[in-house]
Amino acid sequence: MSFESIIVAHLNAWNSPSGPAREQAIAQIYSPDVFVGEPAAALTGHAGVEEAIAALQAQLPNTVITRTGPTQISQDLATYAWTLGPAEGPALTSGRDVLIIRDGKVASLYVIIDG
């Protein structure tokens, strides 16, 4: 799986509703021991990814993450900027994801929020 297809699948998972399809996507995209580093939380494993997505969707319902700008890649690291907001409205916040990709899966995800 290419870095681009992994990033697209990652963002699709974060924008998808809770349920079996998201659980299956998480299992396909992330390594079993994935680390998720957010400003206020450090989570691990597939359950940690699910917890992070569910928390974001509960805090900011009916919002979507949209990649903005180019993706930068260096070895096993990929990073890109994003915005978060209503599908048809202004962004509420912006930030950057930094992913470490190993063996075709996201091994680490760091979420940086601009403010």
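Asp 97 stands opposite Val 111 in β6. Strand β5 (residues 93-102) and strand β6 (residues 105-113) run antiparallel, joined by 8 bridges. Strands here are DSSP runs of E, at least two residues; helices are runs of H or I, at least four; both are numbered from the N terminus. This is a predicted model: local features need pLDDT of at least 70, side-chain atom pairs count only at pLDDT 80 or more, and totals for chains, interfaces and linings use all residues. Residues are numbered from 1 along each chain as its sequence is written, and side-chain values use heavy atoms, without hydrogens and water.

Now the whole sheet. It is open, with 6 strands in the order β2-β1-β6-β5-β4-β3 and mixed pairing. Two strands pair if DSSP finds at least two bridges between them. β2 (41-44) and β3 are the edge strands, each pairing on one side only.

Next, the helices. Helix α1 (residues 3-15) packs against helix α3 (residues 45-59) at about 55°, with their axes 9 Å apart. That makes α1 oblique to α3; angles under 35 degrees count as roughly parallel, over 145 as roughly antiparallel, 65 to 115 as roughly perpendicular and the rest as oblique. Axes are lines fitted to C-alpha atoms, for helices over the stretch in contact, and angles run from 0 to 180 degrees between N-to-C directions. Ala 13, Trp 14 and Asn 15 in α1 meet Val 49, Ala 52, Ile 53, Leu 56 and Gln 57 in α3, where contact means heavy atoms within 4.5 Å.

Thr 63 lies in strand β3 (residues 63-74).
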